[in-house]
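Student: Could we go through this structure together? I would like to know what stands behind each term.
Tutor: Gladly, let's take the terms in turn.

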Protein chains: 2
Amino acid sequence: MPIPAFDPREFRATLGTFTTGVTIITARGADGLPVGVTANSFNSVSLDPPMVLWSLAKSSRSLQAFQQAGHFAVHILSAGQEELSNRFAKSGADKFSGVNLGEAAGGAPLLPDCSARLQCRTSFVYEGGDHLIFVGEVVAFDRSGLPPLVFQAGKYAVATRKVTTPAPAATLDAGWSEDHLPYLLGRAYFQVYFRIREQVRADGLSDDEYFILSTLAVRDGRTQAEIEAGLSHAGCNCGFPVLAGLRQRGLLRGEDSPRDLLWFLSDEGRRRTLQLIAGAKDIESTVLDGLGEWDAVALKNLLKQLVLSTDPGLPDLWSPSSLHATAAGA
Amino acid sequence: MPIPAFDPREFRATLGTFTTGVTIITARGADGLPVGVTANSFNSVSLDPPMVLWSLAKSSRSLQAFQQAGHFAVHILSAGQEELSNRFAKSGADKFSGVNLGEAAGGAPLLPDCSARLQCRTSFVYEGGDHLIFVGEVVAFDRSGLPPLVFQAGKYAVATRKVTTPAPAATLDAGWSEDHLPYLLGRAYFQVYFRIREQVRADGLSDDEYFILSTLAVRDGRTQAEIEAGLSHAGCNCGFPVLAGLRQRGLLRGEDSPRDLLWFLSDEGRRRTLQLIAGAKDIESTVLDGLGEWDAVALKNLLKQLVLSTDPGLPDLWSPSSLHATAAGA
C-alpha cells in the first residue's frame, strides 16, 4: 500500500476514508450579522469540562467573525439536511434566508431540524496549519432523535448499525452461503411479503391478482401489454384470463379504446385494493419499527440504489411520464 | 428540544449523534515499547501543510509515551476490524500480540488491513479539558480501498452513499408510493432474480424446482415436510408431484428411512445445481459491482438485520443444528 510521492488529491482521498457527520457552525459577528459554515472537522474533546472542537480555514470570510464572537453553535445535521449543508458550504449569498432561526448563547443563530445542537463558549483558538482550531466549552445542548447526515469519501451518506453474524455454518463449493445477495434479498422479501399474503388470501386473491390491482391503483387505464411490461419480470401471470377473472368478480372493468382494451379498477376494486394497501402499510410500519428508524432510512436508500443499478428497463410504474408516453403512443 | 439540566449521559448521547470513523493511534514510547489506543476523536485539520489531530484522555496510561514519542501513526480502521478496535479500546494486555506489524516514521508500529494509514510527526500538543489534543504533520500515508468501519450513537456501523431520488410522482391516499418497503424489496429481488431465472429456464427448470434443488445442495437427505418448512413461505410448491418429477428426470433420488422418504440430489442433480449456483454467484458479482463494494457491505448487513427481525420462525437452512434437531426427531 505505500505511496511514493505526496499527491494532494490522494491525500484528500485518504482523509476521506475517515467517515464523519456534517455540522453547520454558526456565530453572531461583532457587527451583529450571523455567520455560518459547513464543517465536518468537528469532534468531541473533553467530557469534564464538556468541550468540543472544529477547524476553520484561515482563508474563510467568516474567520474574523468567529474569532471575535466568543461563542459558537454547532448543528449536527440530520439525514434530510443535505440542501442546508450545501448552502452553508458555499461562500456569500444569504445563507440564513428562509430559515426559522432560534438564538443560542452569545447570540449565535440556531437552526431547526438538526439531529443535535451544541451551544459553546470559545475556550481556545489554536494554530493548525492553514486552519485555526476552535475549542469551545459546551454551555447548552439538545438533540431531536432524527437520524444524522454522514459524509464519507467526499459524498453524503447514511450509516447503519453493523450486525455481527456468526460465520455461515455451511458454504458450498460454488461459494453459495447465507451471504449470497439473491438469497438474502429473496428471504427478506418473502418474509415481509408472507405477512401481506395472509391478508391477500383472506380477501380471496392470488399474488398475481394483488400485483395487478396494486399496479392499477397507482394509475389505471392500462392495456394488458402495459400491465405485463411492469409485472412479468416478477414472474407474474397477468394474461387475459386473470384480468377477465377479476372483471367477472366485479373488481375490474374493461373499456374499449382505439388502440386496445384498457383496464380500470371498479369502485369496489379500488376500495378493496386501497384497503389491502393500507394493510400492507401497517405491516411495513411494524417491520420498520423492528429495524429502527435510522436503519430503515439506510435500507430504503440502498434498495433504491439496487433497483436503479439492476433495472432491466422496466416502465416506471409511478412516473407521470410513462402516462405521457402512453398517451403519445395512442 | 431544549434540555434543562446538564446530564453527562445525555451529553455523551448528544455527541454520539456525530458519526465518526474509528482509528487506532500508535507510537513507539521512549522505552522502545509500542503503545496504541482506539480513538474516534480523529480529524483532518490542514491540507497545506498536511495536518491531522486527535485527542487523548489525560488519564490514559499511554499519555507519556505519546507525549515523548514525537511521532504517531493513525490507522483508519476498515469494516472488518471491529475486533481490533475493541482490543485497542481496552487498557493493558498485549494489544499487539499476533498482529503482523510494519514500522512507521519515528518507529510507530503500523497495523495491516486498514482503510488508510497516516504517519505523522507531532507538531503541537494542546490543552483540551480532560484530554490533550495532538496535532501532527502527515509525513507519509497510504490507503487500501477497504470500506471503513464507522461509529455512530455508541455502536459500530457501516455507511452507505445517500441516493437523492426525486420525490415520488404518485402517492396514493393509502400512502403507498415508491418508498414502500415491500415494493422496494420485491422490485429489487425480482430484478436480481430475473437474471438468475433466465439460466434456470435455460436449464429446463421452474423457479420452484430451482429452490428445491438449491435447498438440497446445502444439505440433502431432507423429508418433503422439511423442504416445505423452509420454502413454503416463499409461495414455493414443493409437493410430492414436483419432487417426483425431479426424480423422474434423474435429478433427485428418494431413499426410504424409518421416519419418512428422504430426498437426495443425484450426482447429475448435484452437478447441475452447483452449475446454476455458480451462475447465480456470477450474477451476484455483477450486481454488487454495480452497487460498489462499500454499499454492498452495507446492503447485506441491513438485509441480514431485516431477515432476523422478520423471521417467522423458519428452520435455519444453513445451520447444522437443524440437522441435529432432525436427527434427534428421527
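Student: How do you know which domains chain A has?
Tutor: The bounds come from an automatic or database domain assignment, and for chain A that assignment gives domain 1 (13-157) and domain 2 (193-299). Taken over C-alpha atoms, the centres of these two domains of chain A are separated by 47 Å.

Student: What should I keep in mind about the model itself?
Tutor: It is a predicted model, in which local features need pLDDT of at least 70 and side-chain atom pairs count only at pLDDT 80 or more, while totals for chains, interfaces and linings use all residues. Residues are numbered from 1 along each chain as its sequence is written, and chains are lettered from A and ligands numbered from 1 in the order in which they are written.

Student: What is the mean pLDDT of chain A?
Tutor: pLDDT is the predictor's confidence in each residue, from 0 to 100. Chain A has a mean of 88, and 89% of its residues reach 70 or more. Over residues 320-330 of chain A, however, pLDDT stays under 50. The model as a whole scores ipTM 0.76 and pTM 0.76.

Student: How many residues of chain B are in contact with chain A?
Tutor: Two residues are in contact if their C-beta atoms, placed from the backbone, lie within 7 Å. By that rule, 118 residues of chain B are in contact with 117 residues of chain A. The largest share of this side of chain B, 14 residues, comes from helix H4 (residues 181-202) of chain B; helices (H or I, at least four residues) and strands (E, at least two) are DSSP runs, numbered from the N terminus.

Student: What makes strand E12 of chain A and strand E12 of chain B a pair?
Tutor: Two strands pair if DSSP finds at least two bridges between them. Here five bridges join E12 (residues 155-161) of chain A to E12 (residues 155-161) of chain B, so they meet the definition of a pair. The two strands run antiparallel, and the bridge partner of Thr160(A) is Val158(B).

Student: Why is the relation between the chains that of a two-fold axis?
Tutor: Copies are superposed by least squares on the C-alpha atoms of residues with pLDDT of at least 70 in both. Chain B can be laid on chain A with an RMSD of 0.2 Å by a turn of 180° and a shift of 0.0 Å along the axis. That is the relation of a two-fold axis. The same surface serves both copies, since 99% of the contact residues of chain B recur in chain A.
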